[in-house]
Amino acid sequence: MLFDSLQFLIFLPLVIILYYLLPHKMRWVLLLVASYIFYGTWKAEFLILIAYSTIVDYVAARQMDRTELRIRKRIWLTISLLSNFGVLFIFKYFNFFIGRQDFFIDFVGQHPKVEWFTGVLEYGIPVGISFYTFQTVGYTIDVYRGKVKPEKNLGKFALFVSYFPQLVAGPIERYGHLRPQIFAHHKLNYESLSNGFRLILYGLFIKMVIADNIAPLIDPVYANPLAFDQATNILSVLLFSLQIYADFHGYSLIAIGVAKMMGVNLMDNFKAPYFAHSIQNFWSRWHISLSTWFRDYLYIPLGGNRMSYFRWVLNILIVFIVSGVWHGANFTFIIWGAIHGLLYLSEQIFTRHRKTEITGVRKAFGITKTFLLVNVAWLFFRSDTLSKAYLSLAKIIGFTPSAKTYQNIGHMENATSNQKVENVLNSSVTAQTELVFDPILIIPLLAFIVLELIIQKNRFDQVINKTSFTVRWLIYSCLIYFVMTMSGAEFYQFIYFQF
Amino acid sequence: MKDLWKKISIRVLLLGMIVILSNYLYRYTTYEKDIAENSPLWLEFQNAVAEADVIYFSSSPNAAYSDIYDDDNRSISKMVDDDLNDLKVISVDTGAIHADIFKTLIRRIPESSPVNSVVVHLNYRSFGAGWMYSNLESSIQKQAVFYHDRPAIINRFLLGLNHYDVLSEKEGKRKMDHLWETEELPFEFPRNTVENWCKLDKWGGYGTPERTLADSYIKNFAFVLDEENPRIQDFDEIVELCNEKNLDLIFVLLPENLEQAEELVGKELIQLMTTNKNWLVDRYEGSGVTVIDNFSLLPDSSFLERDFPSEHYYDEGRQAIAQSIVNYFKQRN
């Protein structure tokens with residue numbers, strides 16, 4: 001069930017009404033059932049994976065808690081990690097690492113299990129698998145470290161894993177933060193309801209009106225960069241940075257708003273990331289729940305910055321490249337992660353030990369520079385293949401790459417991509433060559449930019465709370481009008497669902 | 001608690017008022033533009049119900065022509081219209097639409113409309129998995145959001161929420177493959193399923209043009225028609241609707257390229273198609289509908305496409321179909 005669907009707009013009020021009508025003891029059961037229904041509407045078969053992760057981590061955590069022996073704790077942690085990342089590997093990375101989409105075709109007919117397995121893989125990547133896997137892995141590591149006590153009730157633990165507001169695209173929550181809130185006794189409260197409503201409305205606006213209208217505009221450019229001129233390629237990169245922000249931030253706001261209506265405060269995932277004055281600053285504002293997860297569960301265990309200089313550099317690169325791989329099984333994401341890692345390191349070489357606040361012109365310069373660099377990295381993130389990213393870049397810089405270069409890129413990607421490169425080159429002859437933009441959409445786009453400038457590091461609900469009743473409802477009216485009449489007409493899932 | 005409910009009720013009321021006012025604003029600003037962009041067929045339909053005596057529902061076979069070989073580029077419905085001086089025939093057609101959409105539109109014919117007859121193309125291929133799960137279906141369903149009798153803003157909002165059947169290409173293919181693999185045909189192995197029939201050696205290896213075309217015929221025409229078929233249910237509803245609205249309903253069974261099908265696949269396919277066709281004709285004639293049976297009307301040379309089994313005809317073919325419809329109306333009057 002998508003947040004921007006009629007089903008969800010019916011499902012949510014029903015769940016909230018039932019939540020407040022039921023006695024406190026029963027609420028978690030309602031939420032668990034609701035969460036499984038919410039996820040099951042995509043592909044009921046994938047509920048098995050969530051249930052599997054839940055059981056494995058429940059058992060592993062309980063066993064770790066029962067033993068005093070470090071080695072036994074480690075064994076259970078290893079079992080949990082292998083199970084979680086094993087499932088992730090099979091469903092998300094198998095084809096990538098094997099290097100062939102049709103690896104199992106050769107074996108079909110030889111054993112019924114092979115056909116069953118290929119049938120399951122055919123369903124594609126289970127929605128949100130990376131998100132809930134990281135959330136449960138975080139839990140087992142926290143239990144291993146003794147930071148939290150394991151959950152004794154399997155049902156309650158299942159709710160922590162599957163809590164529907166943040167199940168499919170985060171924010172990736174920590175057990176210690178989410179657990180006490182989900183099971184606390186929340187009374188029906190006007191502030192929670194109205195703040196939740198505000199966040200959902202603004203989230204729907206930026207997802208449905210901004211992101212979903214940009215997507216069809218720039219898709220043809222990324223599909224075939226050679227068919228468009230330099231300016232259009234540049235504009236498309238800038239528009240994509242708006243699209244992905246509006247899409248993912250929109251999703252996160254709806255998730256936070258939904259949880260808020262039931263008295264739960266999920267962590268903020270974004271804090272005006274395009275106002276970041278450095279790459280380091282960007283990562284403290286963009287997808288905060290993931291960057292802090294990597295910090296706590298990968299960077300610090302690797303030794304963080306308390307190692308030799310060379311090892312620290314390596315740690316940074318590992319974290320950023322793994323972050324790229326987390327996003328998807330494609331070289332484009334790895335390059336995206338590597339670019340961020342290298343940019344981060346290049347900044348740190350000069351500023352590692354400098355803690356002074358940046359202000360004025362230097363800050364403005366930093367914001368502009370960071371925004372442009374982040375956009376270059378987005379180009380790789382958005383492109384389907386490395387060769388297309390290269391073609392976009394070539395178009396933007398203004399030179400024509402040789403056929404030999406295309407071929408070399410093709411070899412880097414995978415065995416069949418020469419064909420892909422040739423297809424790109426051939427299709428450029430007949431493709432469309434300009435962006436088709438409905439001028440009326442400039443109105444919501446400007447409204448979005450103005451609102452974002454006003455909101456900055458705060459959140460929409462906090463900012464709107466400070467305005468008068470009339471101004472507030474005037475803003476609501478505009479947002480409702482935009483959402484109901486100007487949403488994108490094409491079907492676009494939330495970008496981060498694929499991760 | 002009482003204060004809380006009062007506060008909430010007032011705000012819900014306010015939200016309702018915002019939506020009502022927004023609806024007015026929307027109707028007088030971007031509504032028409034949205035229809036033109038997202039649902040142009042609805043404009044055609046509105047024009048037809050305002051002016052036509054006969055609405056002519058079809059998909060691409062109505063208007064497809066060859067700009068190289070045809071002397072007469074008129075659509076079938078235009079030919080019918082030109083030949084019937086006392087009746088105004090207006091078509092409502094776009095590529096790949098089918099009975100589900102016709103049904104939704106017929107429901108919207110107002111009582112005040114001059115329309116007294118409805119012609120609907122009965123396209124044999126539209127009952128098969130290849131059409132039902134085609135990748136054009138999502139776009140057709142998307143257009144249909146505007147065909148429903150709801151406030152304009154609600155239709156637009158539902159479009160934004162993608163409240164229509166979104167069938168991804170992958171999902172559509174999976175459904176097609178599943179049906180081709182599992183649906184039992186009334187033949188012995190290897191013609192017992194579409195999948196097995198396609199695997200049967202014919203016309204050289206995979207990839208030869210004849211083999212590809214032969215397999216396309218099997219995939220698109222080899223199925224067993226029964227009451228469970230979603231399109232049959234749609235046509236049944238069309239019959240009911242036209243009865244309720246007192247409209248004369250004419251189903252035009254379109255010609256298929258039986259010559260090519262027999263040559264490439266064999267007589268079993270023709271046998272199966274004919275059985276299905278007879279079942280269709282009997283079913284709807286039994287319901288009191290006029291069925292113009294043009295199934296075997298045209299020879300191979302009348303068909304436009306040579307690499308796919310479609311219902312696109314050269315001008316002589318379109319003229320022959322038009323004539324069969326004209327004959328019916330002349331006899332009726």
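**Entry 1: the sheet of chain B**

How many bridges join strand E4 of chain B to E5(B)? I looked this up in the predicted model and found four bridges between E4(B), residues 248–253, and E5(B), the two strands running parallel. I noted that helices (H or I, at least four residues) and strands (E, at least two) are DSSP runs, numbered from the N terminus. Two strands pair if DSSP finds at least two bridges between them. I then looked up one bridge and found that B:Phe251 has B:Val291 in E5(B) as its partner.

In general, the strands of a sheet pair through backbone hydrogen bonds, either parallel or antiparallel. I recorded an open sheet of five strands in chain B, with the order E2-E1-E3-E4-E5 and parallel pairing. Strand E2 (89–93) and strand E5 (290–293) of chain B are its edge strands, each pairing on one side only. From one strand to the next, the twist averages 20°.

**Entry 2: conventions**

I noted that this is a predicted model, in which local features need pLDDT of at least 70 and side-chain atom pairs count only at pLDDT 80 or more, while totals for chains, interfaces and linings use all residues. Residues are numbered from 1 along each chain as its sequence is written, chains are lettered from A and ligands numbered from 1 in the order in which they are written, and side-chain values use heavy atoms, with hydrogens and water left out.

**Entry 3: helices across the sheet**

I found helix H5 (residues 99–107) of chain B lying across strand E1 (54–58), E2 and strand E3 (117–122) of chain B, at about 155° to E1(B). Angles run from 0 to 180 degrees between N-to-C directions, and axes are lines fitted to C-alpha atoms, for helices over the stretch in contact; contact means heavy atoms within 4.5 Å. Helix H14 (residues 267–286) of chain B lies across E3, E4 and E5 of chain B, and runs at about 155° to E5(B).

**Entry 4: helix pairs of chain A**

I turned to helix H3 (residues 47–66) and helix H7 (residues 154–162) of chain A, whose axes come within 10 Å and cross at roughly 125°. That makes H3(A) oblique to H7(A), because angles under 35 degrees count as roughly parallel, over 145 as roughly antiparallel, 65 to 115 as roughly perpendicular and the rest as oblique. Among the residues in contact, I noted A:Ile50 and A:Tyr58 in H3(A), and A:Phe157 and A:Val161 in H7(A).

Helix H9 (residues 190–223) and helix H10 (residues 230–261) of chain A pack at about 155°, their axes 7 Å apart. I therefore recorded H9(A) as roughly antiparallel to H10(A).
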